[in-house]
Amino acid sequence: PEVLISVTGGARDFELSPPLARAFKSGLVEAATSSRGWIVTGGTDTGVMKLVGDACLESHLSVPVIGIAPYGATNGNDKLAGQFRRV
């Protein structure tokens with residue numbers, strides 16, 4: 001990628017006014033597509049990361065979007081650890 005766009009923030013749900021949410025979404029999509037960038041988030045479906053996911057879905061974004069979720073938020077995380085290894 002030519003640019004990595006990292007969007008981080010709290011995982012708490014929050015509300016933006018509709019004009020502000022539209023501006024965020026369109027700005028993110030425009031920045032990612034015009035720069036051929038990749039978007040990296042915290043990988044959960046809450047807070048600002050949900051807003052990023054919504055923007056990507058609504059715009060049918062064609063750039064890679066990578067979510068790096070915390071271990072504790074991963075379903076089936078007990079199966080990720082080896083048999084003799086503690087995490």
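A term before the residues: buried means under 20% relative accessible area, exposed means over 50%, and partly exposed is in between, with a 1.4 Å probe and protein chains only. Leu4 comes out at 58% relative accessibility, so Leu4 counts as exposed.

Now the provenance. This is a predicted model, where local features need pLDDT of at least 70, side-chain atom pairs count only at pLDDT 80 or more, and totals for chains, interfaces and linings use all residues. Residues are numbered from 1 along each chain as its sequence is written, and side-chain values use heavy atoms, with hydrogens and water left out.

Leu4 is in strand β1. Helices (H or I, at least four residues) and strands (E, at least two) are DSSP runs, numbered from the N terminus. Two strands pair if DSSP finds at least two bridges between them.

On to the sheet. It is open, with three strands in the order β1-β2-β3 and parallel pairing. The edges are β1 and β3, each of which pairs on one side only. From one strand to the next the twist averages 20°; the axes behind that angle are lines fitted to C-alpha atoms, for helices over the stretch in contact, and angles run from 0 to 180 degrees between N-to-C directions.

Strand β1, residues 4-6, is joined to β2, residues 38-41, by three bridges. Leu4 has Trp38 as its bridge partner in β2, and Ser6 has Val40. On the other pairing, β2 and β3, residues 65-67, also run parallel over three bridges, with Ile39 partnered by Val65.

Strand β1, helix α1 (residues 18-35) and β2 form a right-handed β-α-β unit. Right-handed here means that, with the strands pointing away from the viewer, the path from the first strand over the helix to the second runs clockwise. From β2 the chain crosses through helix α2, residues 47-59, to β3, and this crossover is right-handed.

Which residues make the nonpolar surface patch of about 380 Å²? Leu4, Trp38, Ile66 and Ile68 make it. Patches take residues with over 30% relative accessible area and no salt bridge, joining like charges within 9 Å and nonpolar side chains (Val, Leu, Ile, Met, Phe, Trp, Tyr) within 5 Å. A salt bridge is a side-chain nitrogen of Lys or Arg within 4 Å of a carboxyl oxygen of Asp or Glu. Areas come from the Shrake-Rupley method with a 1.4 Å probe; for residues, only the protein chains shown count as cover.

Last, Ser26 sits in helix α1. At 46% relative accessibility, Ser26 counts as partly exposed. Ser26 and Cys56 are 30 residues apart in sequence and 9.6 Å apart in space, C-alpha to C-alpha.
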